Amino acid sequence: MAKRDDTAKARTSLLHKRLLVCVGTGGVGKTTVAASVAVAAALHQRRSAVITFDPARRLKDALGLTRLSTEPQPVPLDGGARLDAMALDTKRTFDEVVRRFAPSREVAERILLNRLYQQLSDELGGSAEYMAMEKLHELAHHRRYQLLVVDTPPSAHARDLLAAPTRLGELLATRAVALLKSPAALLGTSNSSIGRVALRTLLKALERWTGLTLLEDLSGFVSGFETMIAGFQTRAAEVAALLRAPSTAFVLVTTPEPDAVATVIELHRELRETGFPVAGVVANRVLAFPRLETLAVEEGQWPVPLRRKLLANYADLHTLSRRDRRTLGELHEATGLPLLAAVPMLTEAPISLAALRRFAAFIAPGLDEAATAAVGAAV
Amino acid sequence: MAAQLLFVIGKGGVGKTTVAAALARGAALRGQRTLIVETANDGRLAQLFGARPLGAEPQRLASRVAGVRVEPRKLVEAYFTRLLRVPLLARRLLASTSFNALTAAAPGVTEFLILERLLGWVAPSGLLARQSYDLVIVDGPATGHALALLRTPRNLASMVPGGPIGTTARRLLALLGDAQRTRVVLVTIPEELAINETLEAHALLVGDIAVRVERPVLNRVYPRRFSRRDAEELTALGHDDGLLATAARFQIAARREAERHAGRLRRALGTTPVVLPQIFTVALSAPQLDAAARRLCGTLLA
């Protein structure tokens with residue numbers, strides 16, 4: 001079957017990428033998928049790192065780590081497999097970026113102590129996404145790893161993530177910010193009276209938005225940050241190129257629930273419009289109870305009252321399995337993407353390295369055939 | 001008489017839209033004129049009512065149910081066009097990259113505009129204002145964004161002392177803080193991370209944001225199909241490898257998980273969740289939506 005060949009090909013090429021970005025809404029198992037892909041790649045002898053936003057204890061436990069922080073932690077895998085894990089802390093990464101790229105320590109301190117910076121570094125639209133990109137830039141340039149797997153913040157909007165590298169630089173470079181720093185400057189450069197009125201109105205609107213005391217903070221923030229704008233823009237351009245490189249692939253993670261699938265179709269549309277390479281879909285928590293064909297043998301084993309319940313239960317789960325198949329079919333139709341893996345619904349979450357390896361076997365089959373069989377039977 | 005405002009909040013994919021739709025149906029059956037506000041862009045809401053995709057102006061979805069979609073970019077345009085009064089100025093402003101970069105990045109701008117739009121439906125003001133709805137249901141957004149949304153009026157009210165924005169912020173603050181009018185329903189599923197997030201959100205909503213939170217909705221709960229004796233019999237007979245036994249074990253484990261998570265919610269929040277059963281059909285039918293509506297409305301719309 002052509003479709004199956006495509007899937008196999010897409011899966012194989014996945015592990016040979018340099019950068020994998022897992023995207024999807026919250027609660028679909030994105031972090032688990034990112035971690036298990038990284039495990040699979042490491043077991044394929046690729047030096048790998050997984051970067052997550054989820055400081056959940058569960059992932060830390062699953063990876064067999066005692067701590068998970070912004071510092072890379074080696075995951076205890078056997079057979080010389082090398083995998084590091086790190087969790088991203090937006091505020092800390094932002095601070096690190098300021099320290100590293102500010103022209104002097106004084107400027108860095110001035111920015112870090114600014115009240116507005118302290119608020120913005122946490123709350124600025126897309127700052128988590130932006131910092132993910134900064135971290136990515138740093139790691140990609142180190143070349144310590146052959147493969148980076150990035151779990152993205154639980155955002156339903158690809159736009160947020162992907163606009164992030166350019167947004168901050170864009171904002172800081174704009175005339176609106178210059179205007180806040182020194183309003184008179186802009187009024188002077190405008191050559192039509194309409195323009196002047198528009199700018200004055202804009203200024204007034206902005207003052208209303210921010211309140212006057214904040215304006216002062218902003219002014220301090222901007223004059224500090226200004227020195228770093230060129231660097232931001234360069235790195236933003238480099239990350240944008242990295243994300244579109246042939247060695248990069250985006251993986252959409254979803255459950256087969258209609259709500260989740262609708263969101264992921266929208267997400268794919270945004271990714272495609274922005275020109276990012278999407279490799280395919282990993283469906284998580286899929287039910288796969290097939291139609292019962294040779295029932296007679298099995299049915300006969302059970303006493304009548306229990307048998308009736310067993311059959312009714314099976315019929316229900318088979319219906320849900322059909323629904324899952326249908327929803328995933330619709331997803332394929334809407335996006336044209338290959339289904340890289342359909343990970344069955346497990347009654348227990350993967351909370352050990354062994355379980356994570358079994359999970360990984362669904363995404364990279366052949367990695368561990370025995371594990372696949374074991375999980376298959378458990379469902 | 002102003003309308004009631006109900007936020008339906010939860011992690012992506014837990015069934016917020018379904019719950020919002022069911023609540024709207026239930027309210028409509030009780031004679032309330034209801035508006036559902038869609039904050040996602042996935043078209044699920046219209047799909048559930050078999051209607052065409054929603055737009056920026058309310059449109060009819062069913063008897064006494066209307067739907068509308070809020071789109072941040074359009075809200076920014078509309079708001080500043082109104083604020084500046086002169087269309088030419090507004091066009092210039094909206095076309096400037098500075099302005100767009102600023103509104104995209106500044107915290108709270110889109111949140112404020114979404115709430116400001118809601119205010120127009122919940123409590124229309126002005127000479128010719130006419131109340132068109134008894135209930136406004138907001139479908140989503142996902143928990144993190146929703147919390148940011150609900151926190152905005154307080155932040156703005158303290159930051160901006162006067163002017164139209166400060167005034168609106170204070171009106172919003174009064175609306176959100178009024179337990180007789182504004183309520184939040186948290187939707188969740190029996191799954192570890194979803195429950196954790198629900199408990200965290202609940203604490204923030206009650207403590208930090210100070211808004212009235214209803215009993216949570218626990219969606220997709222597997223029915224209790226096998227008794228303890230059945231389960232014992234299943235193990236005793238030992239035909240473990242067949243599909244029927246595998247399916248039964250799956251069901252038993254899923255039910256046990258659901259009960260465990262319902263217990264967690266009950267203990268942590270001191271209230272029983274409203275349970276919606278897992279539905280075993282390929283697509284949600286109108287009667288199923290009505291059944292969900294009955295379950296929800298008895299407790300949440302009373």
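**Exercise 1. Find the largest nonpolar core and the residues with the most contacts inside it.**

Solution. The largest nonpolar core has 168 residues. A nonpolar core is a set of buried Ala, Val, Leu, Ile, Met, Phe, Trp, Tyr and Cys residues joined through C-beta atoms within 7 Å. A residue is buried if 20 or more other C-beta atoms, placed from the backbone, lie within 10 Å of its own; 12 or fewer make it exposed, and in between it is partly exposed. Leu23(B), Val136(B) and Ile137(B) have the most contacts inside this core. Helix H2 (residues 30-43) of chain A gives the core its largest share, 10 residues. Helices (H or I, at least four residues) and strands (E, at least two) are DSSP runs, numbered from the N terminus.

This is a predicted model: local features need pLDDT of at least 70, side-chain atom pairs count only at pLDDT 80 or more, and totals for chains, interfaces and linings use all residues. Residues are numbered from 1 along each chain as its sequence is written, while chains are lettered from A and ligands numbered from 1 in the order in which they are written.

**Exercise 2. List the residues that Leu23(B) touches, not counting residues up to four places away in sequence.**

Solution. Take contact as C-beta atoms, placed from the backbone, within 7 Å. Leu23(B) then touches Leu6(B), Ile137(B), Ala293(B), Leu296(B), Cys297(B), Leu300(B) and Leu301(B).

**Exercise 3. Describe how H16 of chain A packs on H11 of chain B.**

Solution. First, the geometry. The axes of H16 (residues 304-335) of chain A and H11 (residues 243-269) of chain B come within 9 Å and cross at roughly 75 degrees. Therefore H16(A) and H11(B) are roughly perpendicular. Angles under 35 degrees count as roughly parallel, over 145 as roughly antiparallel, 65 to 115 as roughly perpendicular and the rest as oblique. Axes are lines fitted to C-alpha atoms, for helices over the stretch in contact, with angles from 0 to 180 degrees between N-to-C directions.

Second, the residues. Leu310(A), Asn313(A), Tyr314(A) and Leu317(A) meet H11(B) residues, among them Leu243(B), Leu244(B) and Phe250(B).

Methods. Two residues are in contact if their C-beta atoms, placed from the backbone, lie within 7 Å.
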